[in-house]
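Please give a short briefing on this structure. Keep it brisk and group the points by topic.

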Amino acid sequence: MPTTPASGLDIGALLDRIEGTAPIQAVEAAAEALTEMTGARELSFLIADFSGRAVVRLTSTAARTEGARTQDGARAETVPLHGTVYERVLRTQEVDLQALDAGARMTVPVTDRGDAIGLLELVLPAHPSARVVADVAGAAHALAYVVIAARRYTDVFEWGQRTTPFSLAAEIQRRLLPASYTCEAGQFTLAGWLEPAASVGGDTFDYTLNRDSLHVSITDAVGHEVDAALLATLFVGGLRNARRKGMDLGAQARYANDALADNAPPGQFVTGQLVRVDLATRTAAIVNAGHPFPLRLRDGRVEEMELGIEPPFGVVPGKSFRLQRLPLEPGDRIVLLTDGMQERNAVSLDVAAALLASRDLHPREVVHELGAAVLHETGGDLRDDATMVCLDWYGGPRRRTASENGADATLASDARPVATDPPGR
């Protein structure tokens, strides 16, 4: 079979084509440039849907009209993931190459720091050389940065990812979540996910990585719909404000607690857990305000991490919350979750068994699997938000990841990094 030319793609030239274009045109400009450089007959960009169960074709050089949504000149074609090559590429973070009668179809992950943004699909006129495959994978990684930058200025990407309309409460809740649901950072990998109930229940998760620390939170505001979303907004806003003022974990908890006590209607409260991991000493502390216990997978065994229980945030004005030790050992997988994973019509779900069954998966896939499991058990009738954060702790000193084109190769192949903390850390 003939092969495409082995000359390298010029990523600089690719990015130069984008410079000067409007943000809404950036991805199309990149697609056109890449089509010219590879000689592709077709090229499409597919973005991951918010449900985690589909991808959405937003950009394509081929004429596609059937089944597409349109809005203000933009088009979006939803493609279910289950059993497709798209699902396999997102999960493995490996390029898929399929021979065609005339050429080849190449499906490439578009990823940054483990956050699976979407896919690039090309139909090439001939079978590509190994050099071309590597260059296209590098171009797809560059495209991840283009998407991250462009979506700050337009609703098109956000609109495209929504295969079902958002309620007002869901819109508010969405703004409280981190911009990226996954982070690979050498000492750890973290991923979060939220399965929203039909009547939004006020769940949130958040994280931020500073030079010496990782901050993680998971919260559940009482009530449903707009009232719960506004209460969650007040608490998360207080927490972020305290964190950005440089307050320590205990002060953050007090500040956010008092933000609720001072500004929320009487009887309103938020349960939650706040975690701070010291990346230099490799130790962690946690505040537990009336929230379900975390789960820990260690040495093939899942168990609840029992913690002291304190009142929910907003109940006791001026309260100082106790900092508890969160024991971490290299190889640990810690899962924080809300009660939507455990109560009412989700009660038959064995979360511990589901966590054990997914032990070889990347944290990004673990939270998707748990979300799918709770939806299955409830028949899709989720009566409360189900939210989870999965933290894989590898320990050791701060270091570079084994990242290749935006994904840690050791994680994508289900090989857990070697623990490097000394015994007893």
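The notes below cover cores, strands, a pocket and one aspartate.

This is a predicted model: local features need pLDDT of at least 70, side-chain atom pairs count only at pLDDT 80 or more, and totals for chains, interfaces and linings use all residues. Residues are numbered from 1 along each chain as its sequence is written, and side-chain values use heavy atoms, with hydrogens and water left out.

**Nonpolar cores**

- A nonpolar core is a set of buried Ala, Val, Leu, Ile, Met, Phe, Trp, Tyr and Cys residues joined through side-chain atoms within 4.5 Å.
- Buried means under 20% relative accessible area, exposed over 50%, and partly exposed in between (1.4 Å probe, protein chains only).
- The largest nonpolar core has 48 residues. Phe188, Leu190, Leu214, Val216, Val277, Met341 and Met388 touch the most other members.
- A second, separate core has 37 residues, including Ala31, Leu122, Ala139 and Leu143.
- Contact means heavy atoms within 4.5 Å. Beyond four places away in sequence, Met388 touches residues including Trp193, Ile218, Leu337 and Met341.

- Helices (H or I, at least four residues) and strands (E, at least two) are DSSP runs, numbered from the N terminus.
- Six of the seven residues of S2 are buried, so S2 is largely enclosed by the rest of the structure.
- Two strands pair if DSSP finds at least two bridges between them.
- S2 pairs with strand S1 (residues 42-48) in the antiparallel sense, over five bridges. Alanine 48 stands opposite valine 55 in S2.
- The hairpin of S1 and S2 has five residues between the strands. There, glycine 52 takes a positive phi near 80 degrees.
- S2 and S4 also run antiparallel, joined by four bridges. Valine 55 stands opposite valine 79 in S4.

**The second largest pocket**

- On a 1 Å grid over the protein atoms alone, a pocket is an open set of points with protein on both sides within 12 Å along at least five of seven lines, and lining residues have an atom within 4 Å of a point.
- The second largest pocket holds about 420 Å³ of space, and a volume is the space filled by probe spheres set on the points.
- Its lining has 21 residues, and Glu28, Leu58, Gly73, Ala74 and Arg75 are the closest to the centre.
- Helix H2 (26-38), strand S2 (54-60), strand S4 (74-80) and helix H5 (156-160) each give two or more residues to this lining.

**Aspartate 220**

- Aspartate 220 lies in strand S11 (residues 213-221).
- Aspartate 220 counts as buried, because its relative accessibility is 9%.
- Leaving aside neighbours within four places in sequence, aspartate 220 is in contact with residues including Asp203, His291, Asp339 and Asp384.

Note on methods:
On a 1 Å grid over the protein atoms alone, a cavity is a set of points where a 1.4 Å probe fits but cannot get out, and a pocket is an open set with protein on both sides within 12 Å along at least five of seven lines; lining residues have an atom within 4 Å of a point.
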